[in-house]
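This report describes a protein chain in terms of its domains, its sheet and its aromatic contacts. Please read it alongside the sequence and the coordinates.

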Amino acid sequence: MYHSKISGLGYYVPENVVTNDDLSKIMDTNDEWIQERTGIQERRHIIRGEDTTTSMGVKAAKIAIERSGVAKEDIDFVIFATLSPDYYFPGPGVLVQRDLGLRTVGALDVRNQCSGFVYAISVADQFIKTGMYKNILVIGSEVHSTGLDMTTRGRGVSVIFGDGAGAAILSRSDDAGKGILSTHLHSEGQHAEELALVAPGMGKRWVTDIIKDNDPNDESYYPYMNGQFVFKNAVVRFSEVIMEGLQANNLQVSDINMLIPHQANLRISQFIQQKFKLEDSQVHNNIQKYGNTTAASIPIALTEAWEQGKIKEGDLVVLAAFGSGFTWGSVIIRW
């Protein structure tokens, strides 16, 4: 069996910075209220016509490819994680294949929201371990800003999310002691509607229904989140899946050099850090600057931590995510 390693990383965020004070001008909120509940100070929003989910993914991918040393011609497969595709169909994977000028390789789209990048890494890891592919481009990219209710009605959700993209190249390795050691994935669909965007959807409410009703109070096409319920489940599942990954590799919490948690809420990350008694140097958070970028949050944070020299050869790096679905997972990496 082969092994996989991350050979290149990259990220991209729009230049347009939206602060909490900026939001307070268009909805009834303030900097103190947002920071107290989420830890967020600012986030990035695209400017329409300049960036899309695909274009940001392409920009992040170009950086990751260059850093990996892998030629575009040697990329065998593309996996794109997002909840905010440019089109209802086709997905952004094929658009990346086109825009990067790749060979006619396969392209797969992953719809697992906040844990999307973890799921995508797991899929890529399995393809490489079985010998099917040698180099896989994995992207997490999101445009939230154009689909949020930017009024006082939607402030509970809209202040949290930002736009951005991150990418990684996974490559085949013969070193069994390094790279992706294991991945661990879970779901609990019983709570699917606790964090969801239900319309437009083929199941209950399509675009034609929305147009027909023409209801100014219709919130079905905006994200809904049962915040307290999500928080309570997140802290439990984060802890479980991190421990599952460590135990699968006969490792202890004390072995962790860097934890990259999905940037859902700074309070969740801080809770996990305190529970595991990790130092600030062992956890990388950037939600303060970028908000929650869903599938993009882990690759952005991972790239940023690596760029800042916080991740060194031989380090044990843990990626963990929880979100809509509910879905959650972890990736254990020996750098």
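## Domains, sheet and rings

The domain assignment divides the protein chain into domain 1, residues 3-173, and domain 2, residues 179-334. The model is a predicted one. Between the C-alpha centres of domain 1 and domain 2 the distance is 14 Å. The contact between them involves 53 residues of domain 1 and 52 residues of domain 2.

**The sheet**

Five strands form an open sheet with mixed pairing, in the order β1-β7-β6-β4-β5. At its edges are β1 (3-12) and β5 (106-110), each of which pairs on one side only. On average, and with direction ignored, neighbouring strands of this sheet are turned by 20° against each other.

Strand β1 runs antiparallel to β7 (residues 164-173), and nine bridges join the two. Within this pairing, Y12 has A165 of β7 as its bridge partner.

Two helices are described against this sheet. Helix α4 (residues 92-100) packs on the sheet and touches β4 (77-81), β5 and β6 (135-142). The direction of α4 makes about 130° with that of β4. Helix α5 (residues 116-129) lies across β1, β4, β5, β6 and β7, and runs at about 170° to β6.

Strand β4 pairs with β5 in the parallel sense, over five bridges. Here F77 has G106 of β5 as its bridge partner. How many of the residues of β4 are buried? Five of its five residues are buried, and the strand is described as mostly covered. In a regular strand, side chains alternate between the two faces of the sheet. In β4, F77, I79 and A81 point one way, while V78 and F80 point the other way. Residues on both sides of β4 are buried.

**Aromatic pairs**

The structure holds nine aromatic pairs. A pair of rings is described by the distance of the centres and the angle of the planes. Two of the pairs are set out below.

| Pair | Centre distance | Plane angle | Class |
|---|---|---|---|
| F127 and Y133 | 5.2 Å | 65° | edge-to-face |
| Y221 and Y222 | 5.0 Å | 50° | tilted |

Why is the pair of F127 and Y133 classed as edge-to-face? The planes of the two rings stand at 65°, and an angle over 60 degrees counts as edge-to-face.

F127 has 21% and counts as partly exposed, whereas Y133 has 16% and is buried. The cut-off for buried is under 20%, so F127 at 21% falls in the partly exposed class. Y221 is partly exposed at 29%, and Y222 is partly exposed at 22%.

Ring pairs also link F229, F322, F326 and W328 into a cluster.

**Charges over rings**

Two arginines are placed against aromatic rings. R155 lies over the face of W33, and its distance from the ring centre is 5.5 Å. R172 has its charged end over the ring of Y2, at 3.8 Å from the centre of that ring.

Note on methods:
Residues numbered from 1 in each chain as written. Predicted model: local features only at pLDDT ≥ 70, side-chain atom pairs only at ≥ 80, totals over all residues. Heavy atoms only, no water. Phe/Tyr/Trp six-rings, centres within 6.5 Å; stacked < 30°, edge-to-face > 60°. Buried < 20%, exposed > 50% of the residue type's maximum accessible area, 1.4 Å probe, protein only. Lys NZ or Arg CZ within 6 Å of the ring centre and 35° of its normal. Pairing = 2+ DSSP bridges. Helix = DSSP H or I, 4+ residues; strand = E, 2+ residues; numbered from the N terminus. Axes fitted to C-alpha atoms, helices over the stretch in contact; angles between N-to-C directions. Contact = heavy atoms within 4.5 Å. Domains from an automatic or database assignment.
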